[in-house]
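Dear colleague,

Please find below the structure that I am handing over to you. A summary of the findings follows it.

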Amino acid sequence: MHPAYKLMLIAWAAVAAWVAFVILLNRKVHPKALFALFMVELWERFSYYGMRAILVLYMTSELAKGGFAFDDAKAYGIYGAYGALVYLTPILGGFFADKIMGFRKAIIWGALLMAAGQFTLFLNNQTTFYIGLALLVIGNGFFKPNISSMIGRFYPEGDPRRDGAFTIFYMGINIGAFLTPLTCGAIGEIEGWQYGFLTAGIGMVLGFLIFMWAQSAGWYETHGLKPEEEAKPIIKGISNQLIPYITTLILIPIAWLLILKNDVVDVMLGILAVGILGYLLFLAGKYDTVQKQRIWVIVLLLLFTTVFWTFFELAGSAMNLFTERNVNKTFLGMTFTTTFFQSINPLFIMLFAPVFSWLWITLSKAGKEPAAPYKFAVGLSLLGLGFLVLTLGKAAAVAGLVPAFFLIMLYLLHTLGELTLSPVGLSLVTKLSPAKIVGMLMGIWFLSSSIAHQAGKHIARFTTVSESKIIQNPEFKKYIEDQRLFEVLSGEEFGQLMKEMSVEKALINEKTLQLLNQGLESPKYAVATLQIQEAIDRANNLSNETQRQKALAESQKTFLVYSDNGATKDYGIVPQSKASELLDGSISGTVISSLRNDSLDLGLGVFRKLGLFAIGCGVLLFILGPMVSRWMHGIK
């Protein structure tokens with residue numbers, strides 16, 4: 001069995017035991033519907049975070065590996081628009097549930113659309129790719145806001161069990177986020193990206209079946225069956241019950257176009273953001289001084305929380321590709337997949353969320369709990385420190401690869417920043433908002449995540465790596481002492497090869513060898529091959545024949561070397577240490593490590609600036625803290 005699958009099974013076993021324990025502990029306290037909805041949300045998050053883990057990797061992967069070979073900038077644009085729309089459509093889905101469908105129908109329709117989206121992505125071509133993303137975006141809009149709202153219906157105002165119920169539900173979100181990279185991510189990387197989408201789709205179907213089973217068992221009683229207050233006829237001659245489905249058919253091609261032409265989303269969200277901020281400031285003027293200043297606080301902290309999420313959500317885009325290209329994924333004697341690192345944040349949330357809950361309660365009882373702006377300042381500072389800690393890894397980098405420890409530390413600090421800022425912000429909006437507009441202001445607060453995803457694409461593009469531009473830049477000559485080699489690498493024909501394949505394959509391509517040896521009396525450039533003994537041993541331990549053959553193929557390495565007669569060199573089967581020595585000392589090793597060093601410098605340079613900017617925002621909030629605290633008028 002592949003080591004990644006062993007880790008996956010261990011994680012699933014541990015989570016299953018923990019979920020069983022939580023349900024047994026709370027089964028007499030909460031209604032059965034909570035545990036059903038907990039499992040449904042777990043599988044929905046399994047689907048969403050599956051996309052977050054593999055989407056950018058899939059888009060930028062080579063055609064030969066089942067990807068689309070998109071350049072980084074294009075992939076970041078699609079990912080940003082997808083994330084922005086995912087957080088935008090719940091506004092419409094929430095309206096339809098409140099006024100027409102009821103929560104249950106909205107959840108069912110959303111689940112079916114998302115499952116269809118994942119299965120459409122499984123078809124693995126560019127046309128169905130955009131349709132699949134559109135289905136996921138619209139499906140999320142119907143599903144996401146309404147399952148949380150439905151849980152609230154089981155607990156009347158003032159019910160002491162309410163907070164505990166949402167804590168259990170929040171755990172479901174993070175369990176789904178934790179398991180997904182270890183499952184969809186691992187399957188996608190090992191078996192093929194399309195199978196990662198298939199796994200996510202199967203997970204969404206399981207969530208749908210659990211929801212329907214609980215409904216047939218009568219666990220939901222009458223909750224979420226009908227809207228609290230049905231809307232008047234919206235379009236004359238068309239039943240309101242048909243409107244959500246007609247709207248879905250209209251929105252799918254619109255979402256498809258917005259994801260494809262994602263720069264339009266920049267303009268759309270920019271206009272929306274300016275309009276909303278202007279409206280909030282106008283609205284504040286209608287209230288007395290106390291309430292007006294409290295709305296000012298929401299507006300101010302909304303700006304800072306947008307900065308936080310813009311940087312934080314780079315985890316699924318720029319950080320994902322940085323991990324793929326510039327992180328040594330061997331840690332504590334194990335080699336992990338790229339997507340594995342996406343599971344670290346939710347794992348840390350599950351570990352540290354109870355600690356933070358205890359901390360705020362303890363500080364509050366002692367009269368020392370800091371006001372919200374100071375918590376926000378700490379959150380932004382921790383976010384910035386995470387990026388700066390990663391940049392420290394450059395000193396320990398080997399062949400352009402940073403040790404995994406520094407990436408894990410980044411995610412630890414980012415998680416602590418998230419726990420300091422995110423729950424506080426949600427709670428604060430409900431406390432500071434006028435009662436009549438609390439729902440609207442909560443929706444606007446979530447809109448910051450939509451804007452953050454779209455803004456993040458522009459930051460991610462600063463880390464864009466164009467291997468051909470790096471290699472063909474005259475500055476690359478500092479790594480290459482061989483003048484003939486440099487001339488071939490910087491030539492048009494090698495540049496064309498890099499558009500069609502990876503640098504590793506372009507270096508050993510027959511055309512490259514012809515160019516290098518052209519005009520020489522005796523060829524001195526050749527291809528060498530070897531097999532790694534440890535990789536063969538691991539492959540032979542796999543029971544699945546397909547996986548075994550794939551692992552055996554991956555144990556073979558082919559690379560460019562110097563040779564006295566231009567003949568292919570076969571080093572046979574060698575241990576890992578010897579293989580590393582031969583690969584690092586080869587022409588291919590020199591070019592690839594030099595390329596990684598340049599891309600490492602580029603990425604860390606951007607992350608360093610982000611870290612300093614985030615810390616600067618934190619410092620600014622500390623300075624503004626006394627004024628903002630006064631505007632809150634006693635609310636912490």
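**Salt bridges**

Arg 52 and Glu 313 join their side chains in a salt bridge, with an N to O distance of 3.2 Å; the term stands for a side-chain nitrogen of Lys or Arg within 4 Å of a carboxyl oxygen of Asp or Glu. Because Arg 52 belongs to helix α2 and Glu 313 to the loop between α11 (289-312) and α12 (318-326), the pair ties together parts that are 261 residues apart in sequence. Helices here are DSSP runs (H or I, at least four residues), numbered from the N terminus. Arg 52 counts as buried at 7% relative accessibility, and Glu 313 is buried as well, at 11%. Buried means under 20% relative accessible area, exposed over 50%, and partly exposed in between (1.4 Å probe, protein chains only).

This is a predicted model, in which local features need pLDDT of at least 70 and side-chain atom pairs count only at pLDDT 80 or more, while totals for chains, interfaces and linings use all residues. Residues are numbered from 1 along each chain as its sequence is written, and side-chain values use heavy atoms, with hydrogens and water left out.

The structure holds 10 salt bridges. Another of them is formed by the side chains of Asp 72 and Arg 325, at 2.6 Å, N to O. Asp 72 lies in helix α3 and Arg 325 in helix α12, so this pair ties together parts that are 253 residues apart in sequence. Asp 72 is buried at 3% relative accessibility, whereas Arg 325 is partly exposed at 25%. Salt bridges with shared partners also link Glu 41, Glu 44, Arg 45 and Lys 144 into one network. Within helix α2, Glu 41 and Arg 45 are four residues apart, and therefore separated by about one helical turn; their side chains meet at 3.7 Å, N to O.

**Aromatic residues**

A search of the whole structure gives 33 aromatic pairs. Rings of Phe, Tyr and Trp (its six-membered ring) pair if their centres lie within 6.5 Å; planes under 30 degrees apart count as stacked, over 60 as edge-to-face and the rest as tilted. Trp 12 and Trp 43 are stacked, because their ring centres are 5.7 Å apart and their planes stand at 25°. Trp 12 lies in helix α1 (residues 3-26) and Trp 43 in helix α2 (residues 32-60), so the pair ties together parts that are 31 residues apart in sequence. Phe 308 and Trp 309 have ring centres 5.1 Å apart and planes at 90°, so they form an edge-to-face pair. Both Phe 308 and Trp 309 are buried.

One aromatic cluster is made by Tyr 58, Phe 68, Phe 70, Phe 129, Tyr 130 and Phe 197.

**Two further residues**

Glu 62 is located in the loop between α2 and α3 (72-88). Between Glu 62 and Ser 502 there are 440 residues in sequence, yet the pair is 7.3 Å apart in space, C-alpha to C-alpha. Apart from residues up to four places away in sequence, Glu 62 touches Gly 67, Ala 69, Ser 502 and Lys 505, where contact means heavy atoms within 4.5 Å.

Thr 415 is part of helix α15 (residues 404-432) and is buried, at 0% relative accessibility. Beyond its neighbours within four places in sequence, Thr 415 is in contact with Asn 345, Phe 348 and Ile 349.

Yours sincerely

Notes:
Helix = DSSP H or I, 4+ residues; strand = E, 2+ residues; numbered from the N terminus.
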